[in-house]
Amino acid sequence: MPILQSFGPAAGTAPAHRPVPGAQEPGPAAAARRHGVLPMPSLEWNEQVARETAPLYARVAKVVPAVEWPFFAPYVKAINALKKERNAVILAHNYQTPEIYNCVADFVGDSLQLAREASKVDADIIVQCGVHFMAETSKILNPDKTVLIPDSRAGCSLAASITGADVRVLREKFPGVPVVAYVNTSAEVKAEVDICCTSSNALEVVESLGAERVIFLPDQYLASYVASLTKVKIIAWKGACEVHERFTADELRRYRDGDPALQIIAHPECPPDVLAEADYTGSTAGMIDWVRRNRPSRVIMVTECSMADNVQAELPDIEFVRPCNLCPHMKRITLPKILDSLVYLKEEVVIDPAIAARARRSVERMVNLRPS
Ligand code: SF4
């Protein structure tokens, strides 16, 4: 058995997004007072907008139908202009929709890449197109910047599965055992742990601690994947991603039976029997790199559905088979809400400074980990 013990709620029992104790939700007023509200730009679709946005449409033409572009284009134009006016940057996760990922984002990537960009970004305002814990991570690393999330209800079933109090109980139960938290956790949880990790560096982080046993939270499947690769004994929390947990080994076998040459690449938040069917397992950034390097003719990316669209825009010759599982929280972020964020400075992410300082230590310890 790769996992030594596991604790926690059954997957899916926690609400998808739990408000962070200690964090304030001041609404748009505080940020708007600091930076000022701007007039809402024109959202008219006309020939000039079509001409100016044509190069951006060319990037997404394979995945965004032409009939939809007249709706997106005025927002894309307005957001790109407002970013300059506000000295703002947009960080977009790989699971954002193609018109966000390809047409308005300044930096794209997985949680680790976004955390690194957030730590060196030179802007007054960060707009985080992703879920709430990602925006919190940006705020933790950029306490003096205004961090906005276009919809603060964008939660995560993993982050919602565990609280800071749960971590304190685990520490009492296993005194002296170091605690690793996947970045898919609230600031309050990050404040209680020794170090954070992402799916890119989870193994490296666990082994960097030099401990015989490690508490790994909150994703039971990522914990199990790491446990299968290391001699370190893993004590896992029983959280799960509601998107990756839906994939089954049976459905992948059916796809493979229909095309034995099909390549299957999977995210380690999937259950172990799903990973057993995969030709490659890795983070979203790892999966994208794998496709770039190997150029398969047909591939399934066993992860959130939009990522295949985003990679398809870059690699139009590859056929992506899409067993489409969408993350409802990621999909709360839309172009109209991003525009509202930039105009009205909402919704600002605010974290209790004492919690943020302790959480920063855990995130920075991860970000500063030297590659082995
Ligand atoms: S895909 Fe899963 S882990 Fe990612 S934000 Fe959605 S619920 Fe959370």
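Contact here means heavy atoms within 4.5 Å, and the views that follow are taken from a predicted model.

View 1. Leaving aside its neighbours within four places in sequence, Asp 110 is in contact with His 93, Asn 94, Ser 200, Ser 283, Thr 284 and Ala 285. Asp 110 and Tyr 95 stand 15 residues apart in sequence, while their C-alpha atoms are 8.6 Å apart in space.

**View 2. The ligand and the residues around it, in the largest cavity.** The ligand sits in the largest cavity, and the residues around the ligand are Tyr 95, Val 131, Cys 156, Ser 157, Leu 158, Asn 184, Cys 241, Val 243, Glu 269, Cys 327 and His 329. Sorted by class, this shell comprises seven nonpolar residues, three polar residues and one charged residue.

**View 3. Helix α6 (residues 132–141) and the elements that cover its buried residues.** The helix is mostly covered, with 10 of its 10 residues buried. The buried residues of α6 run from His 132, Phe 133, Met 134, Ala 135 and Glu 136 to Thr 137, Ser 138, Lys 139, Ile 140 and Leu 141. Among the elements that cover these buried residues are the strands β2 (88–93), β4 (125–129) and β5 (146–148), together with the helices α5, α8 (187–190) and α16 (353–367).

Definitions and conventions. Residues numbered from 1 in each chain as written. Predicted model: local features only at pLDDT ≥ 70, side-chain atom pairs only at ≥ 80, totals over all residues. Heavy atoms only, no water. Near = heavy atom within 4 Å. 1 Å grid on protein atoms, 1.4 Å probe; cavity = no way out; pocket = protein on both sides within 12 Å on 5 of 7 lines; lining within 4 Å. Sits in = over half its atoms within 2 Å of the grid points. Nonpolar A, V, L, I, M, F, W, Y, C, P; charged D, E, K, R; others polar. Buried < 20%, exposed > 50% of the residue type's maximum accessible area, 1.4 Å probe, protein only. Helix = DSSP H or I, 4+ residues; strand = E, 2+ residues; numbered from the N terminus.
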